[in-house]
Amino acid sequence: MNEEFKIEVLIKKSLKELQTAELLIQNDLFNAAVSRTYYAMFYAVQVLFIEEKIVTSSHHGMITIFSKQFVKTGIFSGEMGKQINKIFEMRQSSDYNFDFEITFDTAINTLTTGKKFVETLFTYVKNKNLL
């Protein structure tokens with residue numbers, strides 16, 4: 001699979017995950033909505049990594065490299081680094097901790113954060129003429 005095709009697929013997946021998160025919230029499935037929001041962010045970072053020729057083998061590795069190469073260097077804000085880390089931790093808790101429940105407000109705030117995160121990454125990549 002060539003890189004252009006991978007990028008196209010990842011962009012579509014990222015945007016679909018955000019739509020899915022909205023539908024899940026409308027159906028009171030808040031834990032799943034947070035999980036889908038995280039994956040939208042994950043796929044957006046993967047677009048950036050493909051363009052920058054960066055390979056990772058884990059979610060934790062992706063977050064670490066994103067922080068080191070894009071947040072600490074000032075390309076993206078420290079807030080964005082915190083956001084993806086926090087939403088990853090919420091996804092982990094909601095998926096694996098049986099008594100962890102996401103509230104409506106948290107799901108909405110997470111989705112709003114995720115949308116802005118994805119938009120910011122895609123804008124950066126587009127402005128660098130990587131897309």
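Does Glu 22 count as buried, exposed or partly exposed, and at what relative accessibility? Select Glu 22: at 29% relative accessibility, Glu 22 counts as partly exposed. Buried here means under 20% relative accessible area, exposed over 50%, and partly exposed in between, with a 1.4 Å probe and protein chains only.

The model is predicted: local features need pLDDT of at least 70, side-chain atom pairs count only at pLDDT 80 or more, and totals for chains, interfaces and linings use all residues. Residues are numbered from 1 along each chain as its sequence is written, and side-chain values use heavy atoms, with hydrogens and water left out.

**Whole chain**

Show the protein chain as a cartoon. It has 5 helices and 0 strands, and the order from the N terminus is α-α-α-α-α. Helices (H or I, at least four residues) and strands (E, at least two) are DSSP runs, numbered from the N terminus. The C-alpha atoms fill a box of roughly 40 × 25 × 25 Å along the principal axes. The radius of gyration of the protein chain is 14 Å, which agrees with the value near 14 Å for a compact globule of 131 residues. That radius is taken over C-alpha atoms, and the globule rule is 2.2 Å times the number of residues to the power 0.38.

Of the 131 residues, 44% are buried. Contact means heavy atoms within 4.5 Å. Among contacts between residues at least 6 apart in sequence, 64% join residues at least 24 apart.

Return to Glu 22, which sits in helix H1 (residues 3-26).

Next, select Asp 28, in the loop between H1 and H2. Its phi is near 60 degrees, a positive value in a residue other than glycine. Most residues other than glycine have a negative phi. Asp 28 counts as exposed, at 56% relative accessibility.

Select Asn 31, in helix H2 (residues 30-51). Asn 31 is buried, with a relative accessible area of 15%. Not counting residues up to four places away in sequence, Asn 31 touches Ser 94, Phe 100, Glu 101 and Ile 102.

Then go to Lys 53, in the loop between H2 and H3. Lys 53 also has a positive phi, near 60 degrees, and is exposed, with a relative accessible area of 61%.

**Helix H3**

Select Ser 67, in helix H3 (residues 59-71). Ser 67 is buried at 18% relative accessible area. Beyond its neighbours within four places in sequence, Ser 67 is in contact with Lys 72 and Gly 81.

**The core**

Which residues have the most contacts inside the largest nonpolar core? Select Tyr 38, Leu 48, Phe 66, Phe 76, Ile 84 and Leu 121; the core has 43 residues. H1, H2, H3, helix H4 (78-96) and helix H5 (104-127) each supply at least two residues of this core, and the largest share, 15 residues, comes from H2. A nonpolar core is a set of buried Ala, Val, Leu, Ile, Met, Phe, Trp, Tyr and Cys residues joined through side-chain atoms within 4.5 Å.

Finish on Phe 66. Not counting residues up to four places away in sequence, the residues that Phe 66 touches include Val 45, Leu 48, Phe 76, Ile 84, Phe 117 and Leu 121.
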